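Open your viewer and get ready to select a few residues. We will go from one stop to the next together.

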Amino acid sequence: MRYQRNSKKEEKNKFITNQRINMAHIPIRSYLYLLLGTALFSCTPQELKTPFELKCENIPVPIGVDTQTPRLSWKLPLLEEDSINKVEIWLSTDSAQLSDCQSVYWNKSIIGAPIRASYDGQPLDSYTTYYWKIGYQTSSKQKTTFSPISSFTTGCLSTNDWKGKWITDGHDITYRPAPYYRKSFQLNKTVEQALLTIASAGLHELSINGKRTGNHFLDPMYTHFDKRILSVTHDVTSSLSMGENVMGVQLGNGWYNHQSIAVWFFDKASWRNRPRFTAQLRLRYTDGTTEYLGTDSTWQTTDSPIIFNSIYTAEHYDAQKELTGWDSPGFNATEWHHAQETESPTETIKSQVMHPIRETARYTATQCKKINDSCYVYHFPKNIAGVTKLNVKGKKGTILRLKHGELLDKNGRVNMANIDYHYRPTDDSDPFQTDIVILSGKEDSFMPKFNYKGFQFVEISSSAPIELSGENLIAVEMHSDVPATGYWSSSSDLLNKIWEATNSSYLANLFGYPTDCPQREKNGWTGDAHITIETGLYNFDGISVYEKWMNDFCDEQKDNGVLPCIIPTSVWGYDWANGVDWTSAVAIIPWEIYRFYGDTTLLRRMYEPIKKYVSYIESISPEYLTDWGLGDWVPVRSKSNITLTSSIYYYTDVHILAKAALLFGYPEDASYYNTLAQNIKNAINTRFLNPETGIYAEGTQTELAMPLYWGIVPEEDKKKVAAKLHELVEKDDYHLDVGLLGSKALLSALSDNGYPETAYKVASQDTYPSWGYWIKQGATTLHENWRTDVVIDNSYNHIMFGEIGAWLYKGLGGIQIDEKHPGFKHILLKPFFPADMNELTIRYNTPYGWLNINWIRQTNDCIRYTIDIPAGTSATFVPFTMQESQKSITLQTGKHSLELDFTQLLINQQ
């Protein structure tokens, strides 16, 4: 059962239920009774009101913006029988003046109905709140309709405005206790605005006057610390008062001082050192004066009750060492030490303007099983990433060990065998995924601050007999709190659960960068991320996370263009698994961001890194083919040709580069890379395609699906290759026989090339090997291995096989992107209607507004298809049973209802 507030799953279910009710009563913009593709009549459109959703740098009301040209974006409403012909933007430092559009700091007018613009006015000032709004005019009226007022607040825009020194406590990298820092100061004037910026090498938690600041966790996000560290800015105005005030900071090791040892050598990172930080409080008083309070040696420091912390393993807490009121006024800190000023550990500090990690749900245990009087095992309803919160009272000095895992052994106790395989402890003082709590004898409460884990079960063992119940422990789910943009619900309970499990694994592997698993590794595997980028973007507004991660790519790229297989990293990943099939993320992710958002910023920023990367592949591929890659990782049975799969990704990277060059107006580059792409394609087909049989290489599912999916197959051979793929899958009884790379391509290669029913049968399969097989075995997240009887080195919360989450939208739902009009400016609708499915509801929040689709099977041969097309967009509707050239229908902005008579359509198609 749930604890406290609803999880996103419950909110989504409630939201979709309400939408179904609403859709049953909304006025329909137009009815198109579709019989043999003929529209019979339409009726008067109705107005749809859409929130403006004003954002700056893709974040609503961000604090700490550190660019002089922030991107502003918005959404426009759907108007009745009218169109928008001009949008105007106003920006001011005074919200009252902005209301009247007077004395504005910046104003810009744009013809048409744009949905974004970049600020290009006079230089912005540090630590200033800028208020902004938009207004639009229509073709028939000169009156301007205004949006609500939004705002963004800048951070430190100039090094001259930074007053804080880097400080530390003077201990070395082996010292285990996490430090406290405090600074007491007096306020004798009324504060109008107080902004506090902190940048830490390591993790930090901030407090003002005894209260935790903000709702973020695990700040700042992981970076290559000696090249880039992120700062976080908070508005703390309401936390201050006249008289004495206290700023408190607690530091954790994070990835900066990795004291645990695993195979990825993070303990040998070039940046490794004792955690340190720099911060400053910028005060603006009501009398117009300003003051900066920065970190320096006057800050005081001591050890905290956290006696050990590791982002990779766990956290240890001694409640006997708690210092009540340490970060509050009046506390006696005379025995504390002064902090030491130190050199900056990084080349640059950039502001963390992105969706932060937050607590997103809490769960109570479905079962608390008593093993004996000193051991209890808690069962939680789903596999999550996060922590547990313990509330307990026991004998002073009692030691509790909270062991987190995904599996139970035959005796019902937590089994770590599937997730501790790569851990290399030197002793037993740092057990994997096991928090250690020493009780004070009073009511103790503990929740880790500088660690997270992947788990569904928790075993608590005690050094002395103790009485525990289900109320003593709750599970706290955490991840980057990216807003949901997609909702998918059908009459298929199995597909619904697959969608939910895919989203759960996606979010459990999003902690400021995309990871592979939240327990065994927490690594930013490049291959896993580009395979599932569409799944992420169909379901969540993840652009801010990916833009940050691409900066990490720039920091990790070597001068010769080579990238590591995990990012961020320091030592490991440059010599294994970093071939083209994995590190193509450098090109694929920026391209997908452009396709989904229509924003060229990231693609333009990554253009040169992609060129450098492609140049390296070109230098080692004189015959236009490469075997540099890991291959179709974790296949069911059949192994595929690595030269084929790697060369396909080489082509994909070059093809993306050619399209980007054309987009940005680089004709010489466009010509060069188009020619190179064609040469690679020709080399692949010459080496691997048998035009007589339509088979690539040995004809595995992966070897046939990938050339179809990535556009390698010559046009004249597509039908033959697709037919061979269909026959092979049919021979395999509609079961998967692919690894990671094939899982990306298989479903879409089938559904986009005439065999959506075959793809559907694979997707809805519930016996081994399939996604549904995991669900039938009780999975609430996706696994790393198609087999469930594999224990060693087999994560139960892995996103790498998550492409099915995207296919549910683009293949089954038919929502596809028109690359000529990116960002869903024009939408391609190519749905498939399985005979055993009676209903499907999809909601997707495009950059222009919500795209709502619902279809209901009224009879075996008749479907009612209703759709809301957002303002400023259009769609081409082509169900699978119709030939596009004869039966496509163009749908304009607004609501539509289509009735599909499949008996007549099939006869017509024939």
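This is a predicted model: local features need pLDDT of at least 70, side-chain atom pairs count only at pLDDT 80 or more; totals for chains, interfaces and linings use all residues.

Residues are numbered from 1 along each chain as its sequence is written, and side-chain values use heavy atoms, with hydrogens and water left out.

Start with helix 13 (residues 701-709) and helix 15 (residues 740-751), which pack at about 65° with axes 8 Å apart. Helices here are DSSP runs (H or I) of at least four residues, numbered from the N terminus; axes are lines fitted to C-alpha atoms over the stretch in contact, with angles from 0 to 180 degrees between N-to-C directions. Among the contact residues (heavy atoms within 4.5 Å), show Ala-705 and Met-706 of helix 13, and Leu-741 and Ala-745 of helix 15.

Next, select Tyr-538 and Phe-596, an edge-to-face pair with centres 4.9 Å apart and planes at 85°. Rings of Phe, Tyr and Trp (its six-membered ring) pair if their centres lie within 6.5 Å, and planes over 60 degrees apart count as edge-to-face. Tyr-538 is in helix 5 and Phe-596 in helix 8, so the pair ties together parts 58 residues apart in sequence. Tyr-538 is buried (under 20% relative accessible area), at 1%.

Finish with Arg-843, whose charged end sits over the ring of Trp-850, 4.0 Å from its centre, and Arg-212, which lies over the face of Phe-217 at 4.3 Å from the ring centre. For Arg, this requires CZ within 6 Å of the ring centre and within 35 degrees of the ring normal.

Note on methods
Helices (H or I, at least four residues) and strands (E, at least two) are DSSP runs, numbered from the N terminus. Rings of Phe, Tyr and Trp (its six-membered ring) pair if their centres lie within 6.5 Å; planes under 30 degrees apart count as stacked, over 60 as edge-to-face and the rest as tilted. Buried means under 20% relative accessible area, exposed over 50%, partly exposed in between (1.4 Å probe, protein chains only).
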